[in-house]
Amino acid sequence: MVLRTNRKFEPVPDFERTEDGKLKNFEDPNMAFDARDQRVRERMIAVEHTKILREKVAACYRREGVNHYQNCKEIVDQYIERIRAPEFGSLSVEANRND
């Protein structure tokens, strides 16, 4: 059974770091829980998207046979990019990167 919902979550401020790298304390503990929950949701979505890409790669390999090196290159490149990204390319991590 697949449960599908269209529930919308309000974006909350994510965890911020001080100059020395420590996490800032939230004034409201509920905001900290909301930020943690948002980060967990984003990571779960990123992991599921990665699983879907892996299934597409496997299906392409089976379908194409010996020609999978040429015909599945785009899907494999997307999959490799996704698994090499921190937290599987989660939105909350990409928004907070300080490159």
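Select tyrosine 79 to begin: leaving aside residues up to four places away in sequence, this side of the tour shows contacts with Thr50, Leu53, Arg54 and Val57, a contact being heavy atoms within 4.5 Å. The model is predicted, so local features need pLDDT of at least 70 and side-chain atom pairs count only at pLDDT 80 or more, while totals for chains, interfaces and linings use all residues. Residues are numbered from 1 along each chain as its sequence is written, and side-chain values use heavy atoms, with hydrogens and water left out.

Next, select Leu53, Val57, Cys60, Cys72, Val76 and Tyr79. These 6 residues form the largest nonpolar core, that is, a set of buried Ala, Val, Leu, Ile, Met, Phe, Trp, Tyr and Cys residues joined through side-chain atoms within 4.5 Å. Buried denotes under 20% relative accessible area, exposed over 50%, and partly exposed the range in between (1.4 Å probe, protein chains only). Two or more residues of this core come from each of α1 (29-64) and α3 (73-84), and α1 gives the most, with 3 residues.

Now display α1 and α3 as helices. Their axes come within 9 Å and cross at roughly 150°; axes are lines fitted to C-alpha atoms, for helices over the stretch in contact, and angles run from 0 to 180 degrees between N-to-C directions. The two helices, α1 and α3, are therefore roughly antiparallel, a term for angles over 145 degrees. To see the contact, select Ala46, His49, Thr50, Leu53, Arg54, Lys56, Val57, Cys60 and Tyr61 of α1 together with Ile75, Val76, Gln78, Tyr79, Arg82 and Ile83 of α3. These residues divide into 9 nonpolar, 3 polar and 3 charged (Ala, Val, Leu, Ile, Met, Phe, Trp, Tyr, Cys and Pro count as nonpolar, Asp, Glu, Lys and Arg as charged, and the others, Gly among them, as polar).

Proceed to histidine 49, which lies in helix α1. Its relative accessibility is 36%, so histidine 49 counts as partly exposed.

Then select histidine 68, in helix α2 (residues 68-71). Histidine 68 is buried, with a relative accessible area of 17%. Beyond residues up to four places away in sequence, histidine 68 touches Tyr61 and Lys73.

Finally, show the whole chain. It has 4 helices and 0 strands, where helices (H or I, at least four residues) and strands (E, at least two) are DSSP runs numbered from the N terminus. Of its 99 residues, 18% count as buried.

Technical notes
Angles under 35 degrees count as roughly parallel, over 145 as roughly antiparallel, 65 to 115 as roughly perpendicular and the rest as oblique.
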